[in-house]
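Please find below some notes for a colleague who is opening this model for the first time. The points are numbered so that each can be checked against the structure on display.

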Amino acid sequence: MYLGFHNFYTSYNGNRMFMDPPSPIGDDLACPTVYRGQQSRKMSHQCATIDTDELDKFDAIVSSDHPNIFSIGYIMVAGESSWVTS
């Protein structure tokens, strides 16, 4: 399964949320996502942030934060959540 992850904080894009435990504020806030990526790979799954691939390629998209109007790639269409690339 190919899981795409969205995070409101762009500093975690580029798959950094799976590789770099220290957060920009100095704490190891990204440790859970680093471990999530490691565990997923052990289970033969792939994880990537949604900015690194086309959205159609992901089997599922998980949002670490509640997407809102400021989230890149997220809009509300006819009352339903939809992901767009532009």
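In which sense do β1 and strand β2 pair, and over how many bridges? The pairing of β1 with β2 (residues 46-49) is parallel and runs over 4 bridges, where two strands count as paired if DSSP finds at least two bridges between them.

1. Basis of the note. This is a predicted model, in which local features need pLDDT of at least 70 and side-chain atom pairs count only at pLDDT 80 or more, while totals for chains, interfaces and linings use all residues. Residues are numbered from 1 along each chain as its sequence is written, and side-chain values use heavy atoms, with hydrogens and water left out.

2. Confidence. The chain has a mean pLDDT of 74, and 66% of its residues reach 70 or more; pLDDT is the predictor's confidence in each residue, from 0 to 100. Confidence is highest in β2, at 89, and lowest in strand β4 (residues 74-77), at a mean of 44. Over residues 75-81 the pLDDT stays under 50, and for this stretch the model has 7 contacts beyond four places in sequence, a contact being heavy atoms within 4.5 Å.

3. Overall layout. The secondary structure comes to 1 helix and 5 strands, and along the sequence the pattern reads β-α-β-β-β-β. Helices (H or I, at least four residues) and strands (E, at least two) are DSSP runs, numbered from the N terminus. Of the contacts in the chain with a separation of 6 or more, 56% are between residues 24 or more positions apart. Buried residues make up 31% of the 86 residues, with buried meaning under 20% relative accessible area, exposed over 50%, and partly exposed in between (1.4 Å probe, protein chains only).

4. The sheet. Three strands form an open sheet in the order β2-β1-β3, with parallel pairing. Its edge strands are β2 and β3, each of which pairs on one side only, and the twist averages 30° from one strand to the next. The angles run from 0 to 180 degrees between N-to-C directions, and the axes are lines fitted to C-alpha atoms, for helices over the stretch in contact. β1 also pairs with strand β3 (residues 60-63), in the parallel sense and over 4 bridges. Leucine 3 stands opposite cysteine 47 in β2 and has alanine 60 as its bridge partner in β3, while glycine 4 is bridged to alanine 48 in β2.

5. Strand β1. In β1 (residues 2-6), 5 of its 5 residues are buried. In a regular strand the side chains alternate between the two faces of the sheet. Here Tyr2, Gly4 and His6 point one way, whereas Leu3 and Phe5 point the other way, and all are buried.

6. Nonpolar cores. Leu3 and Phe5 also belong to the largest nonpolar core, whose 7 residues include Tyr12, Met17, Phe18, Ala30 and Cys47. A second, separate core has 5 residues, among them Tyr2, Ala48, Ile50 and Leu55. Such a core is a set of buried Ala, Val, Leu, Ile, Met, Phe, Trp, Tyr and Cys residues joined through side-chain atoms within 4.5 Å.

7. Aromatic pairs. The structure holds 2 aromatic pairs. In one of them, the ring centres of phenylalanine 5 and phenylalanine 18 are 5.4 Å apart and the planes stand at 75°, so the pair is edge-to-face. Rings of Phe, Tyr and Trp (its six-membered ring) pair if their centres lie within 6.5 Å, with planes under 30 degrees apart counted as stacked, over 60 as edge-to-face and the rest as tilted. Phenylalanine 5 lies in strand β1 and phenylalanine 18 in the loop between β1 and α1 (31-42), so the pair ties together parts that are 13 residues apart in sequence. Both residues, phenylalanine 5 and phenylalanine 18, are buried.

8. Threonine 49. This residue is found in strand β2 and is buried, with a relative accessible area of 1%. Leaving aside neighbours within four places in sequence, threonine 49 is in contact with residues including Phe5, Tyr12, Asn15, Phe18 and Phe58.

9. Backbone points to inspect. Most residues other than glycine have a negative phi, and most peptide bonds are trans. Asparagine 15, in the loop between β1 and α1, has a positive phi near 65°. Serine 44, in the loop between α1 and β2, likewise has a positive phi near 65°, and at 64% relative accessibility serine 44 counts as exposed.
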